[in-house]
Amino acid sequence: MIYSHELKLVFIKGRKVAGTSVEIALSTLCGPSDIITPITPIDELERLRLGSGPRNFSDDPAAEQAWLSTLRSTPTNRLDELTLPRSRFRNHMPLTRVLNTIGPTPDGYVVAGVERDPYAKVLSWANNKVAMSRYKIGRAMQASRWALRRRLSRMIEDKTVLAVHNLARYRDLDGRLAVTLMRYETLEEDFQRLLAGRGVPVPPPLPHVKKGLAAIGQGPRDLLTPQQIRQINTLFEDEFETYGYPYL
């Protein structure tokens, strides 16, 4: 999550929508008083390399700096041992909690987020759950086809795939969908348009982090059974209808 007075922008980060890439890019434009929440340590190192980092996410600036110092000195193969510091503001924080913590967004501020085809989010989430432990120590986030199908079967049946149901994250205290939504499928163009409206004519590049299934070209028809597709259609019906993504 980013709350930027510099850009007059609040970025609400959904799950499995390339939110980390957007967050890293936005961070490079933020000012010293902006709120930037910490992310997965391996991704945080990339953000630090680009000259930015988390800030103002807790009530203890000294603890924030101590955590960053620890991160910088930790070998890559031990990054998975780090735990994120306690904070008032956190990764994937919903808009309602931001508003309850800070209060109404001032006039002229924009709330933005990213969305993605629900099938792609489900596949990406399964890949994340299988391969995240390897990614945290700098290895590729790519699970085998067998492992993905096994995890998908379990997650769809127990409905834990709803972790990537982001619609509620973007609603305000009155329940209204209150964000300017970029789409994963047209992210670079949408990101450029968003920042142009914030007075940034040339946006920073979007880094490619958490590469997973997209890198090996496996889609929903390759990994899901017809029954599983129907279950996803039911679980994510409101997102399909709200965002206009087609059903399979």
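Arg88 has a relative accessibility of 40% and therefore counts as partly exposed (buried is under 20% relative accessible area, exposed is over 50%, and partly exposed lies in between, using a 1.4 Å probe and protein chains only). The model is predicted: local features need pLDDT of at least 70, side-chain atom pairs count only at pLDDT 80 or more, and totals for chains, interfaces and linings use all residues. Residues are numbered from 1 along each chain as its sequence is written, and side-chain values use heavy atoms, with hydrogens and water left out.

**Exercise 1.** State which residue forms a salt bridge with Arg88, and where the two partners lie.

*Solution.* 
Step 1. A salt bridge needs a side-chain nitrogen of Lys or Arg within 4 Å of a carboxyl oxygen of Asp or Glu.
Step 2. Asp59 meets this condition with Arg88, at 3.7 Å from N to O. The two are 29 residues apart and link distant parts of the chain: Asp59 is in the loop between α2 and α3 (61-73), and Arg88 is in the loop between α3 and α4 (95-102). Helices here are DSSP runs of H or I with at least four residues, strands are runs of E with at least two, and both are numbered from the N terminus.
Step 3. Asp59 counts as exposed because its relative accessibility is 63%.

**Exercise 2.** Find how many salt bridges the structure holds, and describe the one between Glu44 and Arg47.

*Solution.* 
Step 1. The number is ten.
Step 2. In the pair Glu44 and Arg47, the closest N and O atoms are 2.6 Å apart.
Step 3. Both residues belong to helix α2 (residues 41-49), where they sit three residues apart, about one turn of the helix.
Step 4. Both Glu44 and Arg47 are buried.

**Exercise 3.** Decide for each of Arg176 and Asp172 whether the residue is buried or exposed.

*Solution.* 
Step 1. The two side chains form a salt bridge of 3.1 Å, N to O.
Step 2. Arg176 has 52% relative accessibility, so it counts as exposed.
Step 3. Asp172 has 11%, so it counts as buried.
Step 4. Elsewhere, salt bridges that share partners join Glu115, Lys121 and Glu239 into one network.

**Exercise 4.** Give the order of the strands in the open sheet and name its edges.

*Solution.* 
Step 1. Two strands pair if DSSP finds at least two bridges between them.
Step 2. Five strands form the sheet in the order β3-β1-β2-β4-β5, with mixed pairing. The edge strands, each pairing on one side only, are β3 (35-36) and β5 (180-183).
Step 3. β1 and β2 are antiparallel over three bridges, and Tyr3 stands opposite Val10 in β2.
Step 4. Lys8 is in the loop between β1 (2-4) and β2 (9-11). At 42% relative accessible area, Lys8 is partly exposed.
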